[in-house]
Structures are given as structure tokens and as C-alpha cells.
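The structure follows, and the points below are grouped by topic.

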Amino acid sequence: IQHREVVPPTEMMQMAHHKPNPPPEDLFNDKYKRKPNFYHSGSQFVGYKDTWIKFHEYFLDTIDRFLAKKMIIVEDQAVLQSVCLSHPEICAY
């Protein structure tokens with residue numbers, strides 16, 4: 001990272017391929033039929049160590065929630081976006 005000063009200390013800086021337009025639900029996995037609500041790039045994100053640890057905890061919890069609701073897990077971007085939908089305080093775009 002050339003400019004660490006732009007990375008928030010308690011948030012994961014995420015890349016979006018267009019302006020975020022969150023769906024009403026916090027678990028989202030339908031990026032093909034609901035394209036306007038899908039914005040998470042997933043290819044690039046950055047954060048400080050403690051934030052990564054917390055984000056990883058939320059990520060694992062989100063996978064458990066997908067499985068509990070019998071939601072398919074195919075697209076990593078949908079899971080990552082769902083982490084941010086469920087825990088907006090840890091994500092910055």
C-alpha cells in the first residue's frame with residue numbers, strides 16, 4: 001500500500017465495482033438476478049492486523065449463517081458483501 005494514511009484503522013477498505021446499493025437483507029447471494037444490489041468486487045481489500053482478525057471472525061460467522069439458511073456459497077464476493085452488510089462498521093468502500 002503506497003498510501004497507508006487512507007486505510008481506516010478499524011475498517012477493512014473494500015473495492016466496489018460501482019456505487020454500493022445495499023439490498024434490504026444482510027445475507028445476499030443473488031448477484032445475477034439482482035445486479036443493482038451487487039457491488040462488492042472482492043478482488044482487493046486491505047486493513048490493519050486487528051481489523052483483519054475481527055473481519056475473519058465475522059467472515060466465518062457469515063458462512064455459518066449461509067449454511068444454516070441453506071444458502072448456496074458459490075461466489076466469494078457475495079459472502080464478503082454479506083459480511084459487510086451484516087457488520088457495516090467494519091467495512092469502508
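Is E25 buried, partly exposed or exposed, and what is its relative accessible area? In this predicted model, E25 has a relative accessible area of 28% and is partly exposed.

**Salt bridges**

- The structure contains four salt bridges, and one of them joins the side chains of R34 and E25 at 2.5 Å, N to O.
- R34 is also partly exposed, at a relative accessible area of 25%.
- K31 pairs with E75 in a salt bridge whose closest N and O atoms are 3.2 Å apart.
- K31 belongs to the loop between β1 and β2 and E75 to the loop between α1 and α2, so this pair ties together parts 44 residues apart in sequence.
- K31 counts as buried at 15% relative accessibility, whereas E75 is partly exposed with a relative accessible area of 22%.
- E57 and K54 form a salt bridge with closest N and O atoms 3.2 Å apart; both residues lie in helix α1, three residues apart, about one turn of the helix.
- E57 is partly exposed at 44% relative accessibility, and K54 is partly exposed at 33%.

**Packing of α1 and α2**

- The axes of helix α1 (residues 49–68) and helix α2 (residues 76–86) come within 9 Å and cross at roughly 110 degrees, which means that α1 is roughly perpendicular to α2.
- Residues making this contact include F55, Y58 and F59 of α1 and A78, V79 and L80 of α2.
- By class, the contact comprises ten nonpolar, three polar and one charged residues.

**Burial of α2**

- Ten of the eleven residues of α2 are buried, among them Q77, Q81 and L85.
- The elements covering these buried residues include β1 (12–16), β2 (40–46), α1 and β3 (91–92).

Conventions:
Residues numbered from 1 in each chain as written. Predicted model: local features only at pLDDT ≥ 70, side-chain atom pairs only at ≥ 80, totals over all residues. Heavy atoms only, no water. Axes fitted to C-alpha atoms, helices over the stretch in contact; angles between N-to-C directions. Helix = DSSP H or I, 4+ residues; strand = E, 2+ residues; numbered from the N terminus. Parallel < 35°, antiparallel > 145°, perpendicular 65-115°, else oblique. Contact = heavy atoms within 4.5 Å. Nonpolar A, V, L, I, M, F, W, Y, C, P; charged D, E, K, R; others polar. Buried < 20%, exposed > 50% of the residue type's maximum accessible area, 1.4 Å probe, protein only.
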